Amino acid sequence: MIAAGSCNASLLVDRNLDAGRGAKTAFIAGDGELTYEQLLHQVNRMGGVLRELGVRREQRVLLVLDDTTAFPVAFLGAMRIGAVPVPVSVLDTPENYRHFVDDSYAETIVCDAGSVATLRRALAGRSLRYLSRGGDGDGVIELDGALAAQEAELAPVATHPEDMAFWLYSSGSTGRPKGVVHVHGSIEVTCQTFARQVLGIDERDRIFSTTKLYHAYGLGNALSFPLYFGATSILLDGPPSAERLLSTLRDQQPTVFGSVPALYGLLSEDADADGAFDSVRLCI
């Protein structure tokens, strides 16, 4: 179990450098790749950016990010300073974005460039800070430039296992989406039980999950599980069409594949699916 004084951002990243995996690829995504050493440096820089903006311990940071390398950097960077990342869908409604900000008290939003205009219209009148790749220069901080200006070293804040680590919002099927609070200690518990004992994940695995990182299922499959064991995570932004999934399976050769029944059905009926799963040892 995770001990008091630990931080899950360091539990998931720093330990891989201690184990000699600094040069190993942690993430493969459409916008590039990150080794474990590069990931740690970017996470540290992200923590520095957020601190410079005045983000405090336990303050929520809204993430409106697709599955690119920006997501783990922002998610883990917030946790490294004791802040609480709150990832939500890039395809959500303006009404829900207003609810997420008002309910979480988030004052900082990290988002994709394509979401800036929608968010600013939806959240007009609220005092918010925006960080985005390709910031429009009108009160939006350009993320890559902000990261580059920070130091690559940043000690993690000491946290308790029962401290808030991140929030995930429910689907809202019974009303407004509800913010579900996840604590730091739960991350290692799910890795030690489900990921280790059921899935048998280890550092040799290459994991590809079709479910987006803002979902609990996608976050475990594609972030906490691979990082905890020093494996490699394969990310796919945009819509998960059968053609794109099959291409990724063939090109990236994952050993573990996580998806949902509708997409498994779609792939099983695709005439081009033959051989695409040859590298896969386990489907979730």
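In what order do the 5 strands of the open sheet stand? In this predicted model, local features need pLDDT of at least 70 and side-chain atom pairs count only at pLDDT 80 or more, whereas totals for chains, interfaces and linings use all residues. Residues are numbered from 1 along each chain as its sequence is written, and side-chain values use heavy atoms, with hydrogens and water left out.

The order of the open sheet is E4-E3-E5-E6-E7, with parallel pairing. Strands are DSSP runs (E, at least two residues), as are helices (H or I, at least four), numbered from the N terminus; two strands pair if DSSP finds at least two bridges between them. Strand E4 (84-87) and strand E7 (140-142) are at the edges and have a single partner strand each, so one side of each lacks a neighbour in the sheet. On average, neighbouring strands of this sheet are turned by 25 degrees against each other, direction ignored. Axes are lines fitted to C-alpha atoms, for helices over the stretch in contact, and angles run from 0 to 180 degrees between N-to-C directions.

Strand E3 (residues 60-64) runs parallel to E4 and is joined to E4 by 4 bridges; leucine 63 has proline 87 in E4 as its bridge partner. Helix H3 (residues 36-52) packs on the sheet, where H3 touches E3, strand E5 (108-111) and strand E6 (129-132), contact meaning heavy atoms within 4.5 Å. The direction of H3 makes about 155 degrees with that of E6. Helix H4 (residues 70-80) lies across E3, E4 and E5, at about 150 degrees to E4.

Strand E8 (residues 164-169) is mostly covered, with 6 of its 6 residues buried (under 20% relative accessible area, with exposed over 50% and partly exposed in between; 1.4 Å probe, protein chains only). E8 and strand E9 (residues 179-183) run antiparallel and are joined by 5 bridges. Tryptophan 167 stands opposite valine 181 in E9.
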